[in-house]
Amino acid sequence: MLILHISDIHFRSPDCQDPANDPEQPYRTALLNDIRTRAKNGAVDAIFVTGDIAFGGVPEEYAAAMAWLSKLAEAARCNLDKIFVVPGNHDVN
C-alpha cells in the first residue's frame with residue numbers, strides 16, 4: 001500500500017483565491033509535479049492530510065483546498081474518497 005502524507009497546506013484567504021497572488025502556489029505546483037512523476041510507477045492508495053488545511057477556517061479556504069486536493073488526487077491517480085483529513089488548530093474559526 002502506498003500512502004501520501006501531507007500536512008499544513010494552509011490555504012489562506014484571500015491569497016488562495018488567486019493563484020497569482022498565493023505565495024504558497026509554487027510549492028503546491030512542485031508537489032503536484034513530483035506526485036505525477038512518482039505516480040507513473042503506480043497509483044497512490046490513500047492520501048492523508050493531517051492538520052491545518054486552512055489558515056483561518058473560512059469557507060473560501062476550504063473551497064480552494066478542495067480544488068487543489070482534487071488535482072492532487074488526479075496527479076496521484078488516487079480516488080477522492082481515499083483522501084482523509086484531520087483538522088488542525090488553523091482549521092477552526
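Which residues are buried in α2? In this predicted model, local features need pLDDT of at least 70 and side-chain atom pairs count only at pLDDT 80 or more, while totals for chains, interfaces and linings use all residues. Residues are numbered from 1 along each chain as its sequence is written, and side-chain values use heavy atoms, with hydrogens and water left out.

In α2, the buried residues (under 20% relative accessible area, against over 50% for exposed and in between for partly exposed, with a 1.4 Å probe and protein chains only) are Glu 61, Ala 64, Ala 65, Trp 68, Leu 69, Leu 72, Ala 73, Ala 75 and Ala 76. These residues pack against β1, α1, β2 (46-50) and β3 (83-86), contact being heavy atoms within 4.5 Å. Just after α2, Arg 77 takes a positive phi of about 60°.

In helix α1 (residues 25-39), the buried residues are Arg 28, Leu 32, Ile 35 and Ala 39. They cover an arc of only 65° around the axis, and therefore lie on the same side of α1, the arc being that of the directions from the helix axis to the C-beta atoms. The face turned away from this buried side carries the exposed residues Pro 26, Tyr 27 and Asp 34, whereas the cover over the buried residues of α1 includes β1 (3-6) and α2 (59-76).

Asp 52, found in the loop between β2 and α2, touches residues that include Asp 8, His 10, Pro 87 and His 90, not counting residues up to four places away in sequence.

Conventions
Helices (H or I, at least four residues) and strands (E, at least two) are DSSP runs, numbered from the N terminus.
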